[in-house]
Amino acid sequence: RPVASVLREARRLVETGSVEINLLGQNVNSYHGEDENGRERNLAYLLRRIAEIDGLQRIRYTTSYPADVDDDLIACHRDLKKLMPYLHLPIQSGSDRILKAMNRRHNSSDYLRIVEKLQQANPALRMSSDFIVGFPGETEEHQRETLEFLEKVAFSDVHVFPYSRRPGTPADKMPNQIDRAEKARRSKQARAVAEKTRRAYLESAVGTVLPVLFETKEDGLWQGHSDTYLLVRVEGEELRGQIRNVEITGVSGDTLVGKTV
């Protein structure tokens, strides 16, 4: 979509009450739309233009591809206060051998360099990721590399998927397919490591004050997301569409609980 088209929709949304905009794409950071002068622009340019919209308070973008995280985009996390300090950046495996087999354009070292640059740009930034386990040819050593990578980066949230065969894809014809039971075992292993680091992150938020955008009410509690995309629940009167500071008082399952301050 051209830059002007996205800006028109963003302005319309803000004019009708939206306070947060999320730019969505299968690989959103490969965006290259034309501006008003016919010049091709990247996602960083689009983010900076959207940040100029009066009344808009929050910007997010989902989902990104590691090889397309350039220095312009990283600078946005340093410069734009409206850009939330959260990034979902799937890596898919902690093993370089498996990443190559998946035909990814990055390896684990590339990913770690991106993480380091992002954290230098904005130390408050938190990241989540996706992993696929049980890809054809994956060995116990490759699985161990993935588990070690999960420990090293300590993501705020991780989605783990067992590899699923898709007819017509190169991977469907690869030798050494992993059986369902083994994929389930490896998924359980990876989720256990991911849950440990997520739990530690949630518990570290207790006692802090987080800005939360409230969206819905369930079971008598208002719920919304913090700037780092943690789900927070509180008691209170009408909070829909409001951004309020919340003192975090505890952890309940996979969510934080607190009180507005």
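Tutor: Start with the term. Two strands count as paired if DSSP finds at least two bridges between them. Strands of a sheet pair through backbone hydrogen bonds, either parallel or antiparallel. Keep in mind that this is a predicted model.

Now the sheet. It is open, has three strands and runs in the order E5-E6-E7. The pairing is parallel. Strand E5 (86-88) and strand E7 (157-162) stand at the edges. Each has a single partner strand, so one side of each is left without a neighbour in the sheet. From one strand to the next, the twist averages 10°.

Take the pair of E6 and E7. Strand E6 covers residues 126-133, and six bridges join E6 to E7 in the parallel sense. For a landmark, find Ile132: Phe161 in E7 is the residue opposite.

Next, the helix on this sheet. Helix H5 (residues 108-121) packs on the sheet and touches E5 and E6. The direction of H5 makes about 165° with that of E6.

For contrast, look at an antiparallel case elsewhere in the model. Strand E8 (residues 209-218) and strand E11 (residues 243-252) pair in the antiparallel sense over five bridges. Here Leu213 stands opposite Ile243 in E11. E11 also pairs antiparallel with strand E12 (residues 255-260), over six bridges. In that pair, Val246 faces Thr260 in E12. The hairpin of E11 and E12 has two residues between the strands, and Gly253 takes a positive phi near 65°.

Definitions and conventions: Residues numbered from 1 in each chain as written. Predicted model: local features only at pLDDT ≥ 70, side-chain atom pairs only at ≥ 80, totals over all residues. Heavy atoms only, no water. Helix = DSSP H or I, 4+ residues; strand = E, 2+ residues; numbered from the N terminus. Axes fitted to C-alpha atoms, helices over the stretch in contact; angles between N-to-C directions. Contact = heavy atoms within 4.5 Å.
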